[in-house]
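Reader: Hello! I have a few questions about this one, and I would be glad to go through them with you.

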Amino acid sequence: RRMNNLALKSLVVVGLILGCCGLSGAALMTEVYSDSIALQDTNWTGVISVPKFDPANGILQSVTVDLTGTVQGKAGFESWDQEETDITLELIAIVSLELPSGGNLITTAPTATVVELGVAAFDGDVDFDGLSGTTFPDLSDTKTDTETTILAADLAMFTGTGNIALNTEAKGASSGSGAGNLIMLFNTQAKAEAVVTYSYIVPEPARLILLGLGSMVFVRRKR
């Protein structure tokens with residue numbers, strides 16, 4: 001009976017130590033993977049694929065996705081207004097990643113903006129040039145957005161063997177404003193790059209020793 005009490009007290013002590021320490025003493029590690037889709041005319045769809053997190057390496061805590069979208073192309077306008085006006089053009093691409101489950105993971109919208117002040121009344125020629133029109137041949141912008149998830153369902157999708165495939169799309173959403181009578185032209189291209197960071201913990205050896213000690217005491221108690 002005395003041996004049983006000693007074993008029980010030892011288990012309680014080990015349990016208290018583990019309860020206090022939890023995983024706070026574990027080492028926080030990261031793994032980083034990336035993939036990209038080259039510049040092409042919108043609207044396009046593709047797949048960004050990165051390795052899943054191997055659960056043999058530790059316990060996954062979070063997944064962070066940095067999505068960088070780049071829009072590139074040209075924009076032009078011709079004002080048909082009968083008076084001077086200011087024109088704004090925005091070359092926009094909406095780039096998004098989708099989870100295998102179908103839900104949106106992250107979206108970014110790079111936007112190249114130009115403003116032309118004091119555009120003259122229509123000069124009689126629809127040539128996107130001259131007094132009432134302009135063409136901007138080399139517009140570009142890059143934008144990065146970040147999303148971090150700790151949801152169990154999301155972590156499960158990013159865990160396992162092989163790769164996770166994230167459906168990717170880029171839609172042109174270019175627009176302009178300023179004149180009541182306005183002709184616009186856009187040539188919109190976009191590319192995407194995703195960087196996926198896995199943050200995980202690896203239990204410290206000391207904690208594993210405590211777990212082993214608890215098991216030894218339990219075995220001794222059974223004897």
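Reader: Is Trp80 buried, partly exposed or exposed?
Author: Happy to start there, with the reminder that this is a predicted model. Buried would need a relative accessible area under 20%, and exposed one over 50%. Trp80 has 41%, so Trp80 is partly exposed.

Reader: Which residue forms an aromatic pair with Trp80, and is the pair stacked, edge-to-face or tilted?
Author: A search of the whole structure gives five aromatic pairs. In one of them, the ring of Trp80 lies 5.7 Å centre to centre from its partner. Stacked planes would be under 30 degrees apart and edge-to-face ones over 60. The angle here is 45°, so the pair is tilted, and the partner is Phe122.

Reader: How many residues apart are Trp80 and Phe122?
Author: Trp80 sits in the loop between strand E3 (59–79) and strand E4 (85–98).

Reader: What distance separates the C-alpha atoms of Ala27 and Tyr200?
Author: Ala27 lies in strand E1 (residues 27–41) and is partly exposed, at 28% relative accessible area. Beyond four places in sequence, Ala27 touches Tyr200, Ile201, Val202 and Glu204. Along the chain, Ala27 and Tyr200 are 173 residues apart, yet their C-alpha atoms are separated by 8.3 Å.

Reader: What share of the contacts between residues at least 6 apart joins residues at least 24 apart?
Author: For the overall layout, the protein chain has three helices and 10 strands. From the N terminus on, these run α-β-β-β-β-β-β-β-α-β-β-β-α. Among contacts between residues at least 6 apart in sequence, the share joining residues at least 24 apart is 83%.

Reader: Where does pLDDT stay under 50?
Author: The mean pLDDT of the protein chain is 86, and 80% of the residues reach 70 or more. Over residues 213–223 the value is below 50, and that stretch has 12 contacts beyond near neighbours in sequence. Another stretch under 50, with 18 contacts beyond four places in sequence, is residues 1–22.

Terms used:
Residues are numbered from 1 along each chain as its sequence is written. This is a predicted model: local features need pLDDT of at least 70, side-chain atom pairs count only at pLDDT 80 or more; totals for chains, interfaces and linings use all residues. Side-chain values use heavy atoms; hydrogens and water are left out. Helices (H or I, at least four residues) and strands (E, at least two) are DSSP runs, numbered from the N terminus. Contact means heavy atoms within 4.5 Å. pLDDT is the predictor's confidence in each residue, from 0 to 100. Rings of Phe, Tyr and Trp (its six-membered ring) pair if their centres lie within 6.5 Å; planes under 30 degrees apart count as stacked, over 60 as edge-to-face and the rest as tilted. Buried means under 20% relative accessible area, exposed over 50%, partly exposed in between (1.4 Å probe, protein chains only).
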